[in-house]
Amino acid sequence: MLWKSLIVIAVLAIIAGGAVWISHGSHTLTKDREKVVTLEKDELFGTTHEKVEWVEKFTYGFFPDDTAVTTVYRGYVFVLGSSLAVIALSVVMLRRQKKQA
C-alpha cells in the first residue's frame, strides 16, 4: 500500500508542478526579475522614450536559474525527475513484492 500511495503522490506532484509552471508562463529558465518598460512622453520636445525597470518577481521555469547544486529545486525538472524516480522505485518494489508472494 505504501508504494501505491507514493505513486499517487508523485503523479499529483507532477500535475501540480506542471500547473504552476504553465501558470507562470512555461519559461525554459527560472527568473527572479521581470522587465517593465514604460513609455514616457517629453512634453517639451513632444517625443517619447522608453524607461526600463527591473521588478523583483519569481517566475517558475523548467530549468533552475543557476548551475549550482543548491539551486536545483528551483526548476520543474527537479519535481519531474524526483517524481519519476519515486514512481520507478515504487514499480520495482511492487514487482518484487509480487514475486515473493
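Which residues do ring pairs link into a cluster?

1. Ring pairs join W21, F62, F63 and Y76 into a cluster. The structure holds four aromatic pairs. Rings of Phe, Tyr and Trp (its six-membered ring) pair if their centres lie within 6.5 Å; planes under 30 degrees apart are stacked, over 60 edge-to-face, and the rest tilted.

2. Basis of the note: this is a predicted model, in which local features need pLDDT of at least 70, side-chain atom pairs count only at pLDDT 80 or more, and totals for chains, interfaces and linings use all residues. Residues are numbered from 1 along each chain as its sequence is written, and side-chain values use heavy atoms, leaving out hydrogens and water.

3. W21 and F62 form a tilted pair, 5.3 Å centre to centre with 50° between the planes. W21 is in helix α1 and F62 in strand β4 (residues 61-63), 41 residues apart. Helices (H or I, at least four residues) and strands (E, at least two) are DSSP runs, numbered from the N terminus.

4. W21 is buried, at 18% relative accessible area. F62 is partly exposed, at 23%. Buried means under 20%, exposed over 50%, and partly exposed in between (1.4 Å probe, protein chains only).

5. W21 also pairs with Y76: the ring centres are 5.7 Å apart and the planes at 10°, so this pair is stacked. Y76 sits in helix α2, 55 residues from W21 in helix α1. Y76 is buried, with a relative accessible area of 7%.
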